[in-house]
Amino acid sequence: VSAQARQLHQQLTITDWHADSLLWNRDFMRLQQAGHLDWPRAMEGNLALQVFTTVTKSPSGLNNVKNSADSFDQITPLIVAQGWPPRTWTSLKERALYQAERLHEVVRQYPDQLHFVASQADLESGLKRRQNGEQVLLAMLGTEGSHALDGELSAVDELFLAGFRVFGLQHFFDNRLGGSLHGESKQGLTEFGRAVVKHANQLGIIIDVAHSSEAVVRDVLQLSTQPVVLSHTGFKGQCDSPRNISDELLQRITSAGGLVGVGFWDSAVCDFSPAGVASAIVYGIELLGVEHVSLGSDFDGTVTTAFDAAELAALTDALLAEGLSNAAIAQVMGGNTINFLRAQLPER
């Protein structure tokens, strides 16, 4: 990483839409050998804000093409082995709430290092702390698929009260809300899914269409009164992978004011080196406009990345090598996400 890139990197406000760190029984405040993200590595990489997503179900034989909602769930034995409370063994909602409790507990234990964000006021106070020189990571909560609602509309309110402000609608399988990009039906929103989107809009919960079928994405764009995000993805025209939806649909997301988060792994960007991720970002800028591109690493998910949170400066270096201006790099690395959250989060 060049000296120019290191200097620029330290001036950036870096955000990431997607990390699955809460699934794992690791001490987040200590440097870990496993995974991609913990507080020491976040600080070394100058990460300012992380959306922590709660994984609650994952089918056996996981793939990007077709998964059955009825296949064996890989998360159940994992959480039992990790000693999660019995209430989480049979309820996906309780799994999401338990992960939220774990994040809130570490924030309570380490208020000088972590700052929870559920509102515009929280966001501004956290950013001010960083501007004042504090080494603090802003943390948000999101669902990795809203099967976490257990089919109950009232659970939207429960998760909102627990601090969730981003709702991914699907994961790798179809659910009560609609079809997954990697499911069997490829259907659009169900009536329950439509009710969830409407209620989320009313509360100020951001809809995330990562992993959603193209039919669901179209239905959400027609229904939602607020812009949406696609938190972790690549671009079909740049990386023709079943993990990615069409460029045309991405353009519809961003023409409605939405954001796209670029992933750091192979099936999203094909070449997952820092240079490859930077190339995907440049493609996204040319396709969508610089104001609509952001980061969605999928750190600590079931992916291999070429760099972890401590090494985010490698991406800044690669973006400079692509010829992007400092201002454009600042937008993509975090400025666009901050602006989006300022507009979409509840005021308090």
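1. Let's start with Lys186, which lies in the loop that links β5 (164-168) to α8 (191-203). Helices here are DSSP runs of H or I with at least four residues, strands are runs of E with at least two, and both are numbered from the N terminus. This is a predicted model, in which local features need pLDDT of at least 70, side-chain atom pairs count only at pLDDT 80 or more, and totals for chains, interfaces and linings use all residues. Residues are numbered from 1 along each chain as its sequence is written, and side-chain values use heavy atoms, leaving out hydrogens and water.

2. Have a look at the backbone of Lys186 too: its phi is near 60 degrees, a positive value in a residue other than glycine. With a relative accessible area of 39%, Lys186 is partly exposed (buried is under 20%, exposed over 50%, partly exposed in between, with a 1.4 Å probe and protein chains only).

3. Next comes Asp298, in the loop between β9 (293-295) and α13 (313-321). Phi of Asp298 is positive as well, near 70 degrees, and this residue is not glycine. Is Asp298 buried or exposed? Asp298 counts as buried, because its relative accessibility is 8%.

4. Finally, find Ser119 in the loop between β3 (114-116) and α6 (120-131). Ser119 has 3% relative accessibility, so this residue counts as buried.

5. Which residues is Ser119 in contact with, leaving aside its neighbours within four places in sequence? They are Leu345, Pro346, Glu347 and Arg348, where contact means heavy atoms within 4.5 Å. The Ser119 side chain also reaches the backbone nitrogen of Asp122, at 3.1 Å.

Notes: A polar contact is a pair of N or O atoms within 3.5 Å; within protein, one must be able to donate a hydrogen and the other to accept it, and residues adjacent in sequence count only if both atoms are side-chain atoms.
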